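Please read the numbered points with the sequence and the model side by side.

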Amino acid sequence: MSEVVTGVTALFILILVFLTGIELAFAMAAIGFIGFAYLVGFAPACNLLVKDFFDTFTSYGFTVVPLFVLMGQIASNADIAKRLYRGAHKWVGHIPGGLAMTTVVGATLFKAMCGSTLATTATFAGIAIPEMDRYGYDKKLSTGIVASVGTLGMLIPPSIVLIIYGIVVEQSIGRLFLAGIVPGLLISLFFIFVIYGWVKIDPAIAPGSEKASLRERIRVLPEFIWVALIFTAVIGGLMSGVFSPTEAGTIGTIAVLVLAAARRELGWKTLIKSFDESLRTACMVLVLIWGSTVLGHFLAITQIPFIAADWVVGLPFARWIIMILVILIYLLGGSFIDDLAFMILATPIFYPAVVKLGYDPIWFGIQIGITIMIGVIIPPVAICVFVVKNITGVPFGVIYRGVLPFLLSLIGCAALLFLFPDIATFLPNFFMGKP
Amino acid sequence: MKKFLAVVYKLDITFQVVAGIGLAFMMGVTIADITLRALGRPIVGAIELISFSGAVIIGFAVPYSSWMRAHVIVDFLIERLSPTGKRIMEFITKLIGLILFLFIGVNFILYGLTLIKTGEVSAGLRIPYYPITFGLALSCFLESLTLFAGLLKATGGSQHE
């Protein structure tokens, strides 16, 4: 069997093995190992398996992952989200649909500290939905917006997706963080427009709530200031090159830790819970990266990524059509296996083609971020919808109907970013110069 | 069987605690390095210490993550199987994982022995690499045990979470 045929066969087997319910990382490592042993030899394959495990886990670059996850978990477990939600409520809660808008504003601010999609969705499902229920909001709107806002963490720094993408394709995490800010805020704005438009069409879905006095509004301002300070320290430090991503993650985590402890919202139980949850999440991510690294080394021997890149570039279509196809593959792949796992698996294969087509790697990272945002709220693996369903018990059909308008706005934003790449690349190019 | 599952669970928790201590240590070293760097006296070999902590953090968290089913799986097809079919699939997948990690553990021991022979150490602090490989080997063996426990649970239907 030639190397390419071996590689293609291995990829088909891998997909079949995925369906058995095995841990994806274990399957990737096992198939990568067997393929490498078949093509190169048993002893080098043993060496590869162990060396990749060792190198992945001792990589300084990857130490950023548990830190930013921990930062988010502490913020999530220490009621910081609740305070932000209440603060945002005072400012926009009285507008028709204001509580749903409050959810968007609160989640956007919270995202500046928490890169975890599931943590944000779960946190806001617990805070925002009961509040919206209290004011008689339609379940479609309340559950739909909570399932959708969780996705904002894919773009707004410190996004775990962008960190992993940056490490996989060896791009600056600071640049990616900066690139995610404008599209992330744009999507938040789109969500607010959708709520406004929806409530205009059907005012019954979101009855108004009482208006806070100016004094009350000013009193909650420190909630936002703390977030702004932590965000500026983390992103500013990274951008200016004062901190490495690992150092920025540590600074952010310690800042959130101190903030929560100063407010007496962080007991030992909460701290241990945060450590435990972040270790599990970071372990899940890095074990996936190890599995894909072993598989990637095997695929490199088969030349498949390079052949795929040449083939994709040589397709008789305009490059934008090819790019749309690549994005659709991410969407489709992410619909059947976990979106993040698919990104880790597929990026080393498609990235060379994307670069060969002349696309900006930073822009591509943001475009993939939005694609994953779409992926986590569409069936069959709509993880954010699953979280909302588990917490609220609202039927899937109702949540999906609520998600639909926000999904359309996400697609609209993806299209805008596709047509105007500067939306993502302007900020990093302005602050850090062109690469 | 219950006793065995309880022992594995306790070991997993112990490794998770070590991983947590590793995470706290890594944060401590990083913040100390930033502070001392600002004072013109950075910690020599801070990056090595952080990297080695990374191995402890993630390597030691693997077994407990498996116990808690934190790893990503595709379950939409097996969810449609009968309870017996599900158990058979779980048995097979756990067995594959068990063999894989047993194999990695053994190879880590061999790798560690090679590192002792060659006397390989880190560039800055001259820390030998082999304790890390032996630590990771231990974690791989525990992961195998955890998967074996999962295998027993799949066949016996016992729960211990």
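This is a predicted model: local features need pLDDT of at least 70, side-chain atom pairs count only at pLDDT 80 or more; totals for chains, interfaces and linings use all residues.

1. Thr117(A) counts as buried because its relative accessibility is 11%; buried means under 20% relative accessible area, exposed over 50%, and partly exposed in between (1.4 Å probe, protein chains only). Thr117(A) belongs to helix α7 (residues 117-134) of chain A, where helices (H or I, at least four residues) and strands (E, at least two) are DSSP runs numbered from the N terminus. Leaving aside neighbours within four places in sequence, Thr117(A) is in contact with Lys111(A), Gly150(A), Thr151(A), Met154(A) and Cys384(A); contact means heavy atoms within 4.5 Å. Between the C-alpha atoms of Thr117(A) and Val161(A) there are 9.7 Å in space, while 44 residues separate the two in sequence.

2. Residues are numbered from 1 along each chain as its sequence is written, chains are lettered from A and ligands numbered from 1 in the order in which they are written, and side-chain values use heavy atoms, with hydrogens and water left out.

3. Helix α8(A) is mostly covered, with 9 of its 11 residues buried. Among the buried residues are Leu141(A), Ile145(A), Val146(A) and Val149(A). The buried residues of α8(A) pack against α6 (98-111), α7, α10, α19 (383-392) and α20 (396-419) of chain A. At the start of α8(A), the backbone nitrogen of Lys140(A) has a side-chain oxygen of Asp138(A) within 2.7 Å.

4. Two further residues of chain A may be examined together. Ser188(A), in helix α10 (residues 173-201) of chain A, counts as buried because its relative accessibility is 6%. Apart from neighbours within four places in sequence, Ser188(A) is in contact with Val104(A), Thr108(A), Leu152(A) and Ile156(A). Thr425(A) lies in helix α21 (residues 422-432) of chain A and is buried, with a relative accessible area of 6%. With neighbours within four places in sequence again set aside, Thr425(A) is in contact with Asp360(A) and Trp363(A).

5. Most residues other than glycine have a negative phi, and most peptide bonds are trans. The peptide bond from Pro157(A) to Pro158(A) is cis, with omega near 0°, and Pro158(A) lies in the loop between α8 (139-149) and α9 (160-169) of chain A. Glu170(A), which is not a glycine, has a positive phi near 60°; Glu170(A) is in the loop between α9 and α10 of chain A and counts as exposed because its relative accessibility is 72%. In chain B, Arg126(B) has a positive phi of about 55° although it is not a glycine. Arg126(B) sits in the loop between α3 and α4 of chain B and is exposed, at 58% relative accessibility.

6. How much area do chain B and chain A bury between them? The figure is about 4,500 Å², with 82% of it on carbon and sulfur atoms; buried area is the accessible area (1.4 Å probe) that two parts lose on being put together, summed over both. Met27(B), Ile58(B) and Val72(B) supply 15% of the area that chain B buries against chain A, more than any other three residues. In contact terms, 53 residues of chain B meet 50 residues of chain A.

7. Between chain B and chain A the count is 2 salt bridges, a salt bridge being a side-chain nitrogen of Lys or Arg within 4 Å of a carboxyl oxygen of Asp or Glu. Glu23(A) forms a salt bridge with Lys94(B), with 3.6 Å between the closest N and O atoms. On the side of chain B that touches chain A, α1 (2-38), α2 (46-67), α3 (83-118) and α4 (130-156) of chain B each supply at least two residues. The largest share of that side, 13 residues, comes from α2(B).

8. Finally, Trp91(A) is in helix α5 (residues 80-92) of chain A. Trp91(A) counts as partly exposed because its relative accessibility is 31%.

Terms used: A polar contact is a pair of N or O atoms within 3.5 Å; within protein, one must be able to donate a hydrogen and the other to accept it, and residues adjacent in sequence count only if both atoms are side-chain atoms.
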